[in-house]
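Let's take a walk through this structure together. Have the sequence and the 3D view open as you read.

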Amino acid sequence: MSHKQLPTETVATLLRLARLSATPEEQQKLSADLGKIIEYIQALQEVNTDGIEPTAHVLLDRLAWRDDILEQGLDRSEALAQAPRHDDEGFRVPTFVED
Amino acid sequence: MGQRNEIQHWTLIEVAQHVAAGDVSAEEVARSALDTIEELNTPLGAFLTVTADQMLTQARAVDARRTRGEPLGKLAGVPLGIKDALCTRGVPTTCGSKILVRGSEPWRPPYDATTVARLWAEGALLAGKCNMDEFAMGSSTENSAFFPARNPADPTRTPGGSSGGSAVAVAARMIPGALGSDTGGSVRQPAAYTGCVGVKPTYGRVSRFGLIAYASSLDVVGPMASDVRGAARLLEVIAGHDPRDGTSLDQPVDAYEAACERGVRGLRVGVPEEYFGTGLQPEVKTQVEAAIHLLEREGATLVPVHLPHTRHAVATYYVIATAEASSNLARFDGVRFGLRHEPPAGDVTAMYEATRGKGFGPEVKRRIVLGTYVLSHGYYDAYYRKAQQVRTLIRRDFDQVFGEVDVIATPTAPTVAFLLGEQLDDPLTMYLNDVYTLPANLAGLPALSVPVAPAPPSGGGSPLPVGLQLLGPPLAEARLFAAAAVVEAMLTSRQPPGALSPTAPTP
């Protein structure tokens with residue numbers, strides 16, 4: 001049985017949304033794999049869920065809020081220490097706003 | 001050599017007892033573990049990092065406390081493996097991914113996960129960080145970005161996953177216990193495939209502070225051990241409220257180890273027909289049913305039950321888990337830690353894309369893209385919302401059944417361990433390994449896997465480990481330990497296969 005592929009344009013859009021680069025070979029493989037997986041999860045449509053509330057999270061109703069008290073967090077130099085690029089004050093990234 | 005073999009065969013509780021009694025020093029225990037790891041880690045791929053120096057330092061601290069007559073913790077001198085998804089202060093933590101390695105330097109977290117800190121507070125020793133499928137995505141540990149782990153019972157087979165390294169280290173007797181994480185079966189399935197005990201606690205029972213997130217509505221940290229009581233003791237130590245994890249429950253922790261003495265007289269055990277049908281390997285079915293009948297012989301009552309939405313669990317899981325993963329993994333962007341690739345003259349978006357494209361492996365990319373798809377405009381209702389509604393139906397099935405029974409007994413996995421490479425090119429077949437373990441995550445329930453008598457693979461051959469899965473209602477872990485201890489006691493006389501265990505002659 002041959003499986004439906006996810007169109008390569010759709011894969012390209014999803015990769016862009018997810019900020020992922022992929023080689024043409026990877027894109028081909030994703031198109032085939034995802035086509036097959038999406039066909040499989042399609043079976044959920046058979047289930048009658050009229051009037052059924054969605055579950056986003058279990059046990060949330062039992063959780064307590066913590067008190068809003070200021071605590072000592074991670075030291076800045078420690079937080080910055082393993083960043084690929086940083087200066088004394090923060091993380092450094094390539095330009096994303098025109099000067 | 002003789003003493004090493006003896007130490008390596010002690011259970012976690014025996015190690016703690018012998019150290020407390022002064023029969024052996026914590027340092028001797030640590031050296032014995034290191035010798036065994038040295039011998040077996042290359043062939044089996046259990047550890048990504050072995051922390052010999054840290055283990056010896058921790059061991060000497062335990063010995064010093066003992067010399068001074070200070071009280072020792074419940075895990076004093078016990079060497080443990082920690083899945084590489086859990087943060088360990090100053091110790092390499094990669095989550096099985098190259099995106100957390102820059103050049104040859106792995107990320108070293110500036111803090112310990114709460115679960116890990118609790119182990120140290122009880123005197124445990126860090127043997128190392130255990131191999132895993134990248135970002136816990138996989139069922140065979142073949143998705144590790146570094147090297148696959150191999151099953152000690154048959155090294156041509158996988159140990160399962162994603163906590164495969166933790167399972168291998170315990171099953172091969174390198175260490176008596178370990179921590180894993182379980183999002184869809186990642187503690188229980190490798191425990192079943194390798195012949196050790198693996199526990200997925202109730203959602204929220206154990207802190208996740210310092211666990212690198214995969215799917216936040218499903219992830220839990222769970223213990224693995226060579227015996228039921230060892231797993232119970234580990235859970236007692238790591239369970240409980242943590243102010244640093246807003247999803248951790250503020251409920252008292254039961255005496256799990258004591259519950260192991262309780263027996264099963266009067267326990268109502270539900271046996272769901274849907275877990276014993278097509279897809280279950282006959283040889284596995286035989287051994288699992290035999291173990292369930294042992295429970296009956298010890299005084300439990302068997303009750304046939306139905307969980308009709310089970311067949312939708314795999315599809316439901318792969319929508320919900322990938323949607324959550326696509327969001328959680330956004331933090332790996334080359335800015336704060338780990339890998340960064342900057343294409344020449346590129347902007348920040350090009351940096352994100354290049355970093356993530358080079359840093360993530362194929363299964364992680366597949367799941368991020370699938371998650372992005374099910375959350376995208378136009379598909380959200382059809383997939384994500386629909387899956388959340390089916391999740392409600394799966395939960396209701398369990399609510400209904402737990403009105404009639406105390407625990408549910410099923411196989412942990414549909415087959416014995418499969419061969420390395422057998423399912424690697426077919427992600428969907430790989431996903432179906434988890435058909436019996438996913439529902440507990442979707443419903444937030446506690447579940448454990450305990451070894452039963454081994455079974456041969458379907459084509460014939462030497463018997464391989466098989467797991468019985470026990471599930472309970474929320475916070476009923478004690479009940480699961482009581483039943484698991486009975487199964488273990490009945491089967492103790494039969495040695496689990498372990499061709500590469502330290503006592504067996506290596507081929």
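Accessible areas here come from the Shrake-Rupley method with a 1.4 Å probe, and for residues only the protein chains shown count as cover. On that basis, chain A exposes about 7,200 Å², with carbon and sulfur atoms supplying 50% of it. Before going on, keep in mind that this is a predicted model, where local features need pLDDT of at least 70, side-chain atom pairs count only at pLDDT 80 or more, and totals for chains, interfaces and linings use all residues. Residues are numbered from 1 along each chain as its sequence is written, chains are lettered from A and ligands numbered from 1 in the order in which they are written, and side-chain values use heavy atoms, leaving out hydrogens and water.

**Chain A**

Chain A has three helices and zero strands, where helices (H or I, at least four residues) and strands (E, at least two) are DSSP runs numbered from the N terminus. Reading along the sequence gives the pattern α-α-α. Of the 99 residues in chain A, 27% are buried; buried means under 20% relative accessible area, exposed over 50%, and partly exposed in between, with a 1.4 Å probe and protein chains only.

**A covered helix in chain B**

Now look at helix H6 of chain B, residues 164-171: eight of its eight residues are buried. Among them are Gly164(B), Ser166(B) and Val170(B). After H6(B) comes Arg173(B), which has a positive phi, near 65°.

**Cysteines on their own**

| Cys130(B) | Cys196(B) | 11 Å |

Cys130(B) is buried, with a relative accessible area of 0%. Cys196(B) counts as buried too, at 1% relative accessibility.

**The second largest pocket**

A pocket is an open set of points on a 1 Å grid over the protein atoms alone, with protein on both sides within 12 Å along at least five of seven lines; lining residues have an atom within 4 Å of a point. The second largest pocket holds about 580 Å³ of space, a volume being the space filled by probe spheres set on the points. Its lining has 25 residues, and those nearest the centre include Trp107(B), Tyr111(B) and Arg331(B). The lining divides into 15 nonpolar, four polar and six charged residues. Here Ala, Val, Leu, Ile, Met, Phe, Trp, Tyr, Cys and Pro count as nonpolar, Asp, Glu, Lys and Arg as charged, and the others, Gly among them, as polar.

Terms used. 1 Å grid on protein atoms, 1.4 Å probe; cavity = no way out; pocket = protein on both sides within 12 Å on 5 of 7 lines; lining within 4 Å. Disulfide = S-S within 2.5 Å.
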